[in-house]
Amino acid sequence: MSTGFKRKDALKISTIALALLLPGAMYAATPAAQVPVAPAKAATPATPPATQTKPTQPKVSSKPGDKTNEELNQVTISAEKPTRKVADLIPFLRRILGEYSVDGKVDLGGQGKPDERWSVYGSTNCVGFGVAPGVQCELNIKWPPVPGPNAEDVMSGITAMSPTMVLYGLEPDELGIRYLQVNSRGLAEGATGYMIDDTVTFKTPCVNTAPGCERITKITARSDSKIVDMQIDTEVDYKLAARFTFKLRRIAKPQEDLSATGKPAADTRPAIPTKEGEKKK
Amino acid sequence: MHRLLTTGVLVAAALACGVAGAQPHAEPEIEFKAALPVTEPAAIAEWLKRLRGRFKYDGMVQVGDCVMVPSAAGGPPPPPTDNCQGIKGKSDCVGIGDGPGVQCILNVIWQDIFHVNYEDGTVTEVLVSYLDPAMELYGVDPRNSAVTRMMVDNKGRGENGSGFIKGDTAKFKSRCVSTVVSQTAEECFRIVRIEAKPDARLLYVWLGTQYEPASETTFATMALRRVTTDEESAPTLKSAAQRRK
């Protein structure tokens, strides 16, 4: 949680916002621009909340064939400081323990187009071991295989997360949470992550793909919540190429329910969904 | 008669030496074989599959001299030190899906080793058992022709590193997890060597520590005896509910 908004932090936010708005303002000043751009309001010191999300910049119309028009998808400005302290990370690791049903979407183009979005289904089980604990998760997440227009392979079009094993451990010397993920093809990706509020973020280069590809995984586990949110972004040259959004709904607590009843809780997984575009038909 | 016999023996011996001296001395053939690095993803995957199965551990940890040399003055030999302890344990390694990834659960233990200073009463931790339990995960990094390994010990500390295979042996290197060594040395690496020959019932694991580029110390040697073959153990990872049955 925010501990207070200081003048220094306001100045930092103002500087960042100014740097983001300035190119847009300069473009708006040119005669070719038809949509006015809002002035740099963030230049004035204010008391914004601890976390604020800047809306998407307005799309500036341009002449046909003009390749200089670029749109920012999302800009997030946060005053929260990341934590790598063991005392803060251990509760997070304990929160992700349990058995889950998984549902969500995979966006294989990264642009939010309906024909590129597919529904996923599956289950996950995270068990702890040791004192801290260390956590091992087994993910079984599936979606229909998606070939390209010419039957070529589409990035992540063929599910390789059934199963996927993920191991989480504490990085020594309070550097964060270390994780390693091995999918059903044996490909390993690992990184050290930090925590902001209730979200842990990992960034790692993609394995077995072209250079310039980065995988960003965000796991949000709030206290007293039965839902864990997982978002996996694949960026190629800093542009979003694919986005996986999973909701993990806890159906059983870690080992506790099993020791009491000898059986896991009732399976409340949703029915197998279909492609998002087909639902509308 | 006796003189005749002696002469005959001497003549025979001289003849034999003469024959031997006439032939050139054959140099023994010495064949040097260096372990070849394994870089093909298929070969790396095949090596990883050798890790699958159930194993029983036997070995020893050694952090100093095991036996004290008796003094020159004589007297009874000093008692053995605590620097050496036996290792016992077991592990279970299974594959991940249809791929070459391997996931292992370890329960390996040895007697904790401490050094006690009887003068001021301080106790220094030297090597505390940290693999009871522990989890290991192995995967392939095709771009670097490497194997990625992560081990999380019984305190939840992660040890992550890449390894390269030469011949039948893989060597993994990772930064030391908050051990006594890492708090005093500038650079500390944990070295893990695993020898896994094809169709072998015995695998060998060496644990070591590297403080400087030229200084590497092995503190544990373990032999892993395969208890069951991988055809008997589950070839793929069962769900957690099935494993608990």
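## Strand pairing in chain A

In this predicted model, strand β12 (residues 239–252) of chain A runs antiparallel to β11(A) and is joined to it by 10 bridges, where strands are DSSP runs (E, at least two residues) numbered from the N terminus and two strands pair if DSSP finds at least two bridges between them. The hairpin formed by β11(A) and β12(A) has 2 residues between the strands, and Asp237(A) in the turn has a positive phi of about 55 degrees; Asp229(A) stands opposite Lys247(A) in β12(A).

Strand β11 (residues 227–236) of chain A also pairs with β10 (residues 213–221) of chain A, in the antiparallel sense over 9 bridges, and Arg215(A) has Thr234(A) in β11(A) as its bridge partner. In this hairpin, with 5 residues between the strands, Asp224(A) takes a positive phi near 60 degrees.

## Interface of chains A and B

Contact (heavy atoms within 4.5 Å) links 34 residues of chain A with 38 residues of chain B. Phe129(A), Leu167(A) and Leu180(A) supply 20% of the area that chain A buries against chain B, more than any other three residues, buried area being the accessible area (1.4 Å probe) that two parts lose on being put together, summed over both.

## Basis of the values

Residues are numbered from 1 along each chain as its sequence is written, while chains are lettered from A and ligands numbered from 1 in the order in which they are written. Because this is a predicted model, local features need pLDDT of at least 70 and side-chain atom pairs count only at pLDDT 80 or more, whereas totals for chains, interfaces and linings use all residues, and side-chain values use heavy atoms, with hydrogens and water left out.

Notes
Helices (H or I, at least four residues) and strands (E, at least two) are DSSP runs, numbered from the N terminus.
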